[in-house]
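Hi,

Here is the structure I promised to pass on to you.

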Amino acid sequence: MDNQEAKVLINDTILRLNDEIKKLEETSKPISPDNAIGRLSRMEAIGEKSVNEAALRNAKLRVTKLNQALKRVNDDEYGECLECEEEISEKRLKTIPESTLCIKCASRIEA
Ligand SMILES: [Zn+2]
């Protein structure tokens, strides 16, 4: 993948995540103490809220990492494993454009 392709991929992913963040922020608003939530009971609403909050944190973290990935594209370092300096496979980058580790190092370090 060349730098131009990488930029398009990263920017697309950021746009998609920003959309998701907007939606998640809508659904992670505080739950009112009265039961004015419609079909969900309060307990269900609280459960759903914590799931949404976790997804929201995760989405925001990914955007941060994707912005760092854009910087690496500009520095011509994108797609290089930070551990072993091997090229990260294109398949992996297409699934996780913010990857900084190749699959081998990732399974060693993140496991
Ligand atoms: Zn590696």
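Leaving aside residues up to four places away in sequence, Cys84 touches Cys102 and Cys105, where contact means heavy atoms within 4.5 Å. Cys84 and Cys105 are 7.5 Å apart in space, C-alpha to C-alpha, and 21 residues apart in sequence. Cys84 sits in the loop between α2 and α3; helices are DSSP runs of H or I with at least four residues, strands are E runs of at least two, and both are numbered from the N terminus. Cys84 counts as partly exposed because its relative accessibility is 33%, while Cys81 and Cys102 are buried. Here buried is under 20% relative accessible area, exposed is over 50%, and partly exposed is in between (1.4 Å probe, protein chains only).

Before you go further: this is a predicted model, in which local features need pLDDT of at least 70 and side-chain atom pairs count only at pLDDT 80 or more, whereas totals for chains, interfaces and linings use all residues. Residues are numbered from 1 along each chain as its sequence is written, and side-chain values use heavy atoms, with hydrogens and water left out.

Now the metal. Which residues are the protein donors of the zinc ion? They are Cys81, Cys84, Cys102 and Cys105, each through SG, at 2.3 to 2.4 Å from the ion. Donors are N, O and S atoms within 2.8 Å of the metal (3.2 Å for Na, K and Ca), and sites may look incomplete, as water is not among the atoms. The angles among the 4 donor atoms run from 105 to 115°, and the site is tetrahedral, a label that for four donors needs all angles between 85 and 135 degrees. For comparison, the ideal angle for four tetrahedral donors is 109.5 degrees. The spacing of the donor residues in sequence is C-x2-C-x17-C-x2-C.

Most residues other than glycine have a negative phi. Asp76, however, has a positive phi near 65°, and Glu85 has a positive phi of about 65°. Asp76 counts as exposed because its relative accessibility is 57%, and Glu85 counts as exposed at 60%.

Enjoy exploring!

Technical notes: Four donors count as tetrahedral if all angles lie between 85 and 135 degrees; four count as square planar and six as octahedral if opposite donors are over 155 degrees apart and all others between 65 and 115; anything else is irregular.
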